[in-house]
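Here's a quick briefing for anyone opening this structure for the first time. Have the sequence and the 3D view side by side, and let's walk through a few spots worth a look.

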Amino acid sequence: MRSRIVLLIVAAMLGGTLGHGSSFPNAVPFKLVRGFGIVVRGEIGPESNLNFLLDTGAVPSVLSKRLAARIGVTGAKGAFALLDRTSTAEYVTADEVRFGWVHGRALPMVVIDLDGLSNVLGTRIDAIVGLDILDHQTFSIDYKHGRITSGVSGNAHHVIPAEIYVREGAPYWVLPVTLGGQTFRVLLDTGANDLALFASRTGRNVTDTANSSIRPAKVTGEIETRALQRSLMVMGDASFPKQAVVEMTNPRGTALPEIDGVLGPTAVGITRVEFDWEHTCLRWDTE
């Protein structure tokens, strides 16, 4: 897959139902899967009541094979990079993709089989939507209240400058974090529940089987990880005295050479995260 890293760590059923209604007129309600995965209801073309996984690490967005066949979209084959391998997949254009106030037209998407992911989650996943549909749209994700709103709250206590890269028209955000005095550049990925670093960036190899574990990868395949010693992490103007971090085997399919790993917002206790495109910075709270 062109410039795509996949790291959704999921191993639980999706409980409950998506919320409906809100005191915020422009709010998009979502269901939080296992404390980190964001599922919203959306539409693609004439198809409604679809389940979208909002994943800021998706480059570009993903359409399930089942739905692609139903709406009749086809395209050309291209390279498809997963954590554990590089394969090929079909690239298509979805005329309209919508959820809440978010409306993408002529959105490039890659078609893959999401049945495995749906089975793991215990609910049908029709698409994985990334920042390509939210390009240059400032928005906030409120984990505590289960809603996505446009704009920033004005109440965030922390801020960090971000680097924004674009691959084939799809953006992704990279943040600098310091662990044990060493600075790493990590992909901000709402589809991850860990702070995970690549072994090649830490100067280690994930070979300690006594402390390692195999986890299901985001769309397909598996990755091996090892828990590292907790250490002081500094992110922007905030510090985390004993941050948990895992190290993973070097992903052969990674097409984002700028990053040293991935960071899931909830892995550091973030309860609200705000993507400020105007000032190219991330704002957040941990309470």
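Let's start with a charged pair: Arg98 and Glu43 make a salt bridge, with 2.8 Å between their closest N and O atoms. That pair ties together distant parts of the chain, since Arg98 sits in strand S7 (residues 86–99) and Glu43 in strand S3 (residues 37–44), 55 residues apart. Keep in mind that this is a predicted model.

**The network around Arg98**

- Arg98 has another partner too: its side chain meets that of Glu96 in a salt bridge, at 3.6 Å from N to O.
- Put together, Glu43, Glu96 and Arg98 are linked in a network of salt bridges.
- Is Arg98 buried or exposed? It counts as buried, because its relative accessibility is 17% and the cut-off for buried is under 20%.
- Glu43 counts as partly exposed, at 32% relative accessibility.
- Glu96 is partly exposed as well, with a relative accessible area of 30%.

**Other salt bridges**

- How many salt bridges does a search of the whole structure find? The count is 12.
- One of them joins Asp142 and Arg147, whose closest N and O atoms are 3.7 Å apart.
- Both ends of that pair are covered: Asp142 is buried at 10% relative accessible area, and Arg147 is buried at 17%.

**A six-stranded open sheet**

- Six strands make up an open sheet, with antiparallel pairing and the order S1-S11-S10-S23-S24-S12.
- Which strands sit at the edges? They are strand S1 (28–29) and strand S12 (158–161), each of which pairs on one side only.
- S12 is joined to strand S24 (residues 281–285) by four bridges, and the two run in the antiparallel sense.
- To find this pairing in the 3D view, look for Ile160, which stands opposite Leu282 in S24.

**Strand S14 and its partners**

- Strand S14 (residues 170–179) is mostly covered, with eight of its 10 residues buried.
- What joins strand S13 (residues 163–167) to S14? Five bridges do, and the two strands run antiparallel.
- S13 and S14 make a hairpin with two residues between them, and Glu168 in the turn has a positive phi of about 50°.
- S14 also pairs with strand S15 (residues 182–188), in the antiparallel sense and over six bridges.
- Strand S19 (residues 231–235) is another antiparallel partner of S14, joined to it by two bridges.
- In that pairing, Leu179 stands opposite Met233 in S19.

Notes:
Residues are numbered from 1 along each chain as its sequence is written. This is a predicted model: local features need pLDDT of at least 70, side-chain atom pairs count only at pLDDT 80 or more; totals for chains, interfaces and linings use all residues. Side-chain values use heavy atoms; hydrogens and water are left out. A salt bridge is a side-chain nitrogen of Lys or Arg within 4 Å of a carboxyl oxygen of Asp or Glu. Buried means under 20% relative accessible area, exposed over 50%, partly exposed in between (1.4 Å probe, protein chains only). Two strands pair if DSSP finds at least two bridges between them.
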